[in-house]
Amino acid sequence: QYLIADLDVRCWDTAEHKLLIIICSFITAGVIGYPVFVTLKLSELHKANKLHDPLALERFGLLYEGYKLENYQWGVFQIIKALVLSMIQVILQTRPTMQVFAALNFLIFCVAAQFYFTPFLHIRSDQLEAFFLFATCVMIGIGSTFN
């Protein structure tokens with residue numbers, strides 16, 4: 001197989017294989033490594049009772065500062081939620097019905113988790129998050145009827 005733009009270039013030559021390995025390594029490190037690292041680091045800070053330490057707040061505060069202390073991992077859940085929804089979109093892009101079904105089921109799970117844990121410090125934030133998750137479900141449902 002040759003590249004359409006330049007018929008002198010063979011596709012999937014050794015250079016492309018090396019590049020593919022490098023790209024897959026970075027994607028794996030970002031998609032799996034980052035949430036695992038953050039989870040481990042936040043757990044370490046929580047066990048050492050250092051979540052309110054100024055250095056911890058500066059480095060990781062964005063991930064847990066707006067949540068109740070017992071829900072300090074909720075920022076990681078938000079990252080994983082975005083990754084799962086992105087994966088559903090990419091993996092099931094050729095099967096739109098399955099894509100809608102998977103996304104709706106996952107979002108319903110997220111709404112249930114939101115109501116069960118109520119992770120935010122302020123109840124209004126919990127209500128807004130639940131409302132927007134529900135609104136997303138409704139929009140996906142409406143969009144799937146016009147497909």
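In this predicted model, helix α3 buries Trp74, Gly75, Val76, Phe77, Gln78, Lys81 and Ile88. The length of α3 fits that of a helix. At 1.5 Å a residue, its 18 residues should span 26 Å. The C-alpha atoms at its ends lie 25 Å apart, which agrees.

Helix α5 was treated in the same way. Its 23 residues should span 33 Å at 1.5 Å a residue. The end C-alpha atoms of α5 are 33 Å apart, in agreement with that value. Buried residues in α5 are Asp126, Glu129, Ala130, Leu133 and Cys137. Their cover includes α3 (74–91) and α4. An α-helix has 3.6 residues a turn, so residues three or four places apart point the same way.

The packing of α4 against α5 was examined next. Helix α4 covers residues 96–117, and helix α5 covers residues 123–145. Their axes are 10 Å apart and meet at an angle of about 165 degrees. Angles over 145 degrees count as roughly antiparallel, and α4 and α5 are therefore roughly antiparallel to each other. Their crossing is left-handed.

From α4, the contact is made by Val100, Ala103, Leu104, Leu107, Ile108, Cys110, Val111, Gln114 and Phe115. From α5, it is made by Asp126, Glu129, Ala130, Leu133, Phe134, Thr136, Cys137, Ile140 and Ser144. By class, this contact has 13 nonpolar, 3 polar and 2 charged residues. Asp126, Glu129, Ala130, Leu133 and Cys137 of α5 take part in the contact and are buried.

Definitions and conventions:
Residues numbered from 1 in each chain as written. Predicted model: local features only at pLDDT ≥ 70, side-chain atom pairs only at ≥ 80, totals over all residues. Heavy atoms only, no water. Axes fitted to C-alpha atoms, helices over the stretch in contact; angles between N-to-C directions. Helix = DSSP H or I, 4+ residues; strand = E, 2+ residues; numbered from the N terminus. Parallel < 35°, antiparallel > 145°, perpendicular 65-115°, else oblique. Left-handed = near helix turned anticlockwise from the far one by under 90°. Contact = heavy atoms within 4.5 Å. Nonpolar A, V, L, I, M, F, W, Y, C, P; charged D, E, K, R; others polar. Expected span 1.5 Å × (residues − 1). Buried < 20%, exposed > 50% of the residue type's maximum accessible area, 1.4 Å probe, protein only.
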